[in-house]
Amino acid sequence: MAPKVKITKEDILNRAVDMVKQNGIESLNARALAKELECSTQPIFSNYKTMDELYDDLIAEANKIYNSFVEAQTGKYPIYKTHGMGYICFAKEEKELFKLLYMRNREGEYQGDEDLQPIYQMLMELLDVSLEDAKMFHLETWLFVHGIASTIASNYLDLDVELISKMITDVFEGLKCKYGVKNDKN
């Protein structure tokens, strides 16, 4: 009798990520995943108590992939722009993972802006603006960047990276004028 092939938690997660990349989160359920793994659902539920637990790991893995896109932009752009360009490049290259992270119903997830404090601090120092102005500057910039990323992820537009970079610079410079920033320390 041939030995049973052990399917690991990592195998399950990697296959789940691949399924979502290819066909979106709607394609992921225990039976479809088991079929992809060529096994029953038993190994899935031996490693994960529920599909929600797998979903949490999937979100964490998608965030790691997103962070790698931001890291790939480091050094190409000024620090604040790096995040926006990484966000958009992620939407362009990993549309379904982008949708999973940023275009799903997130009702009840917002816990305040504590995670954004380092960005606000950076903007306060970079632009010499108040905390309230840094918050508004970031909100306006982020909504613009998210709009570009969403139109790309939904296949509405496919913009060139150089054009996107120019557009983000234009918005950044326009907002600097709005907030009375003479020179940034970029």
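Asp-128 is exposed, with a relative accessible area of 65%, where exposed means over 50%, buried under 20% and partly exposed in between (1.4 Å probe, protein chains only). This residue belongs to the loop between α7 and α8 of a predicted model, in which local features need pLDDT of at least 70, side-chain atom pairs count only at pLDDT 80 or more, and totals for chains, interfaces and linings use all residues. Residues are numbered from 1 along each chain as its sequence is written, and side-chain values use heavy atoms, with hydrogens and water left out.

- The phi angle of Asp-128 is near 55 degrees, a positive value in a residue other than glycine.
- Most residues other than glycine have a negative phi.
- Glu-38 likewise has a phi near 55 degrees, positive although the residue is not glycine.
- Glu-38 sits in the loop between α2 and α3 (42–47), and counts as exposed because its relative accessibility is 74%.
- Lys-182 lies in the segment after α9 and, at 72% relative accessibility, is classed as exposed.
- Lys-182 and Asp-128 are 54 residues apart along the chain, and their C-alpha atoms are separated by 9.3 Å.

**Gln-117**

- Gln-117 is placed in helix α7 (residues 117–127).
- Its relative accessibility is 35%, so Gln-117 counts as partly exposed.
- Between Gln-117 and Ala-134 there are 9.8 Å in space, C-alpha to C-alpha, and a separation of 17 residues in sequence.

**Secondary structure and overall form**

- The protein chain contains nine helices and zero strands; helices (H or I, at least four residues) and strands (E, at least two) are DSSP runs, numbered from the N terminus.
- The radius of gyration of the protein chain is 20 Å, whereas a compact globule of 186 residues would have one near 16 Å; the value is taken over C-alpha atoms, and the globule rule is 2.2 Å times the number of residues to the power 0.38.
- The C-alpha trace spans about 75 × 35 × 30 Å along its principal axes.
- Of contacts between residues at least 6 apart in sequence, 61% join residues at least 24 apart, a contact being heavy atoms within 4.5 Å.

**Nonpolar cores**

- The largest nonpolar core has 41 residues, of which Ile-12, Leu-33, Ile-88, Phe-90, Phe-98 and Ile-164 touch the most other members; such a core is a set of buried Ala, Val, Leu, Ile, Met, Phe, Trp, Tyr and Cys residues joined through side-chain atoms within 4.5 Å.
- At least two residues of this core come from each of α1 (9–23), α2 (30–37), α4 (51–73), α5 (79–93), α6 (95–102), α8 (131–153) and α9 (161–178).
- The greatest contribution to this core is that of α4, with eight residues.
- Apart from this core lies another, of 13 residues, including Tyr-120, Phe-137, Phe-172 and Tyr-179.
- Beyond its neighbours within four places in sequence, Ile-12 makes contact with Ile-7, Leu-33, Leu-37, Pro-43, Ile-44, Asn-47, Tyr-48 and Leu-54.

**Surface and charge**

- Buried residues make up 39% of the 186 residues of the protein chain.
- The protein chain exposes about 11,300 Å², of which carbon and sulfur atoms supply 52%; accessible areas come from the Shrake-Rupley method with a 1.4 Å probe, and for residues only the protein chains shown count as cover.
- The mean positions of the 22 positive and 31 negative charges lie 3 Å apart; Lys and Arg count as positive and Asp and Glu as negative, while His and the chain ends are not counted.
- Each charge is placed at NZ of Lys, CZ of Arg, CG of Asp or CD of Glu.
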